[in-house]
Amino acid sequence: MKRLPILLFALLLALTTTARGLDYGRLGRDFARSERARFPEAWMIDFCSAPFFGYSQGVGCCAMLEIWRTTGDEDYFRYVEKLADTLINEQGEIHRYERDKYNLDFINSGKYLFDCYAVTGKEKYRKAMDILVDQLREQPRTSDGGFWHKLRYTHQMWLDGLYMCSPFLMQYGATFNAPEWIEEAVKQIKLCHKHTHDPATGLYHHAWDESCSQRWANPETGHSPSFWGRSIGWWFMALVDNLDYLPENHPDRDEIIGYIQGLAEALPRYQREGHWYQVLDCPEREGNYPEASVTAQFMYAYAKAVNKGYIDRRYRKVAEEACKALYNDLIFEDENGILSLTRCCAVGGLGGNPYRDGSFEYYIGERIRDNDAKATGPFIMGCLELDK
């Protein structure tokens with residue numbers, strides 16, 4: 001009988017939570033636990049078959065570190081640090097990292113090394129971050145100084161690349177008193193905005209080819225032809241995350257906040273029942289579909305931008321509707337209580353072989369799968385931001 005008041009309290013709490021809406025913090029923690037069950041070792045994140053310093057694992061590990069910071073559960077930190085310890089030797093050399101490819105995607109996993117270094121003091125993590133910075137020191141550039149996305153993607157800036165490298169550079173500059181790298185990150189953001197922003201829609205083209213030589217490039221502007229949702233999601237998250245380490249009195253801070261505010265104003269026009277679609281600007285077009293990663297990325301960016309005061313609090317509702325849509329439509333629970341997120345675009349790009357032309361038909365034809373880290377990582381982090 002003594003347990004009855006406790007049970008009644010628990011029931012009342014559950015009913016109150018239901019009346020308020022989703023318990024965002026619990027949802028984020030439950031999904032993180034599900035990811036841990038799916039991928040017992042961090043190198044397995046995103047269904048990786050062997051340890052790798054990949055950008056998808058970087059996104060997933062950053063989400064796990066946010067769980068650690070929020071809950072204080074050190075097991076989440078150990079989960080990430082075990083991967084870092086496995087991948088990086090005492091000289092700071094990174095397993096399967098290929099500097100000579102000058103691939104910005106490699107930089108993203110450098111973000112989780114800051115916490116590994118701060119907590120453990122292992123010098124090899126600092127050495128590994130220095131190696132990544134050395135790559136960027138020699139990264140091929142456009143004529144006005146923009147980083148090429150990869151060596152083989154000549155003369156091209158991609159929105160994805162700004163998420164991969166600029167927050168890392170910003171944090172490196174702030175952490176190690178290297179303001180020149182903060183300035184470099186700001187430069188890359190401003191150049192990407194200059195070359196990919198579409199004033200008519202408020203959206204951003206996936207990529208820009210300075211040479212206008214790619215088949216996907218507009219022969220006059222160099223723009224790729226479609227507004228791919230996830231590429232804009234990377235960009236939106238990058239803008240918000242960069243400001244964590246940009247000094248309050250930096251002369252370009254207000255300009256970057258202006259980019260965030262412009263996107264925040266534009267994106268609800270393309271949201272349908274909480275979701276955003278694979279090709280962002282034509283949700284009603286036949287074959288298009290609500291895509292999990294772009295919806296989760298925008299959810300995170302909106303929630304964090306509201307929490308940081310970059311955009312008006314009315315935009316919190318946009319993030320809440322996105323979370324509810326994902327929860328109601330694209331998340332399911334199996335018989336063991338493991339949550340899964342469906343309708344994730346597995347990959348998207350431009351050029352290459354077979355050739356990816358950036359058309360509407362190309363993007364909607366790419367493979368779809370469940371529990372892609374490019375969706376699950378932002379979803380977990382977005383839930384934690386909504387819980388603040």
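Predicted model: local features only at pLDDT ≥ 70, side-chain atom pairs only at ≥ 80, totals over all residues.
Colleague: Which backbone nitrogen does the side chain of aspartate 46 reach?
Modeller: Contact means heavy atoms within 4.5 Å, and beyond its neighbours within four places in sequence, aspartate 46 has contacts that include Phe39, Gln57, Arg369 and Lys374. Ala373 is on that list too. At 2.8 Å, the side chain reaches the backbone nitrogen of alanine 373.

Colleague: Where is aspartate 46, and is this residue buried or exposed?
Modeller: Helices (H or I, at least four residues) and strands (E, at least two) are DSSP runs, numbered from the N terminus. Aspartate 46 sits in the loop between helix H2 (24-38) and helix H3 (55-71), with a positive phi near 70° although this residue is not glycine. Buried means under 20% relative accessible area, exposed over 50%, and partly exposed in between (1.4 Å probe, protein chains only). Because its relative accessibility is 11%, aspartate 46 is buried.

Colleague: How is cysteine 212 classed by accessible area?
Modeller: Cysteine 212 belongs to the loop between strand S4 (207-209) and helix H9 (229-242). Here too phi is positive in a residue that is not a glycine, at about 55°. The relative accessible area of cysteine 212 is 26%, so the class is partly exposed.

Colleague: What is the relative accessible area of leucine 113?
Modeller: Leucine 113 is part of helix H5, whose buried residues are Leu113, Phe114, Asp115 and Cys116. H3, helix H4 (74-87), H6 and H7 are among what covers those residues. Leaving out residues up to four places away in sequence, leucine 113 touches Phe53, Ala84, Ile88, Tyr125, Ala128 and Met129. Leucine 113 counts as buried because its relative accessible area is 0%.

Colleague: Which residue takes a positive phi just after H5?
Modeller: H5 covers residues 113-120. The phi just after this helix is about 70°, and the residue is glycine 121.

Colleague: How are H6 and H7 oriented to each other?
Modeller: Axes are lines fitted to C-alpha atoms, for helices over the stretch in contact, and angles run from 0 to 180 degrees between N-to-C directions. The axes of helix H6 (residues 123-137) and helix H7 (residues 159-175) come within 11 Å and cross at roughly 120°. Angles under 35 degrees count as roughly parallel, over 145 as roughly antiparallel, 65 to 115 as roughly perpendicular and the rest as oblique. H6 and H7 are therefore oblique.

Colleague: What is the handedness of the crossing of H9 and H11?
Modeller: H9 and helix H11 (residues 292-308) pack at about 20° with axes 8 Å apart, and so they are roughly parallel. A crossing is left-handed if the near helix is turned anticlockwise from the far one by less than a right angle, and right-handed if clockwise. For H9 and H11, the crossing is left-handed.

Colleague: How many charged residues are in the contact of H2 with H4?
Modeller: The axes of H2 and H4 come within 13 Å and cross at roughly 40°. Arg29, Ala32, Arg33, Glu35 and Arg36 of H2 meet Asp75, Tyr76 and Tyr79 of H4. Ala, Val, Leu, Ile, Met, Phe, Trp, Tyr, Cys and Pro count as nonpolar, Asp, Glu, Lys and Arg as charged, and the others, Gly among them, as polar. The contact of H2 with H4 has 3 nonpolar residues and no polar ones, and the number of charged residues is 5.

Definitions and conventions:
Residues numbered from 1 in each chain as written. Heavy atoms only, no water. Polar contact = N/O pair within 3.5 Å; in protein donor to acceptor, adjacent residues only side chain to side chain.
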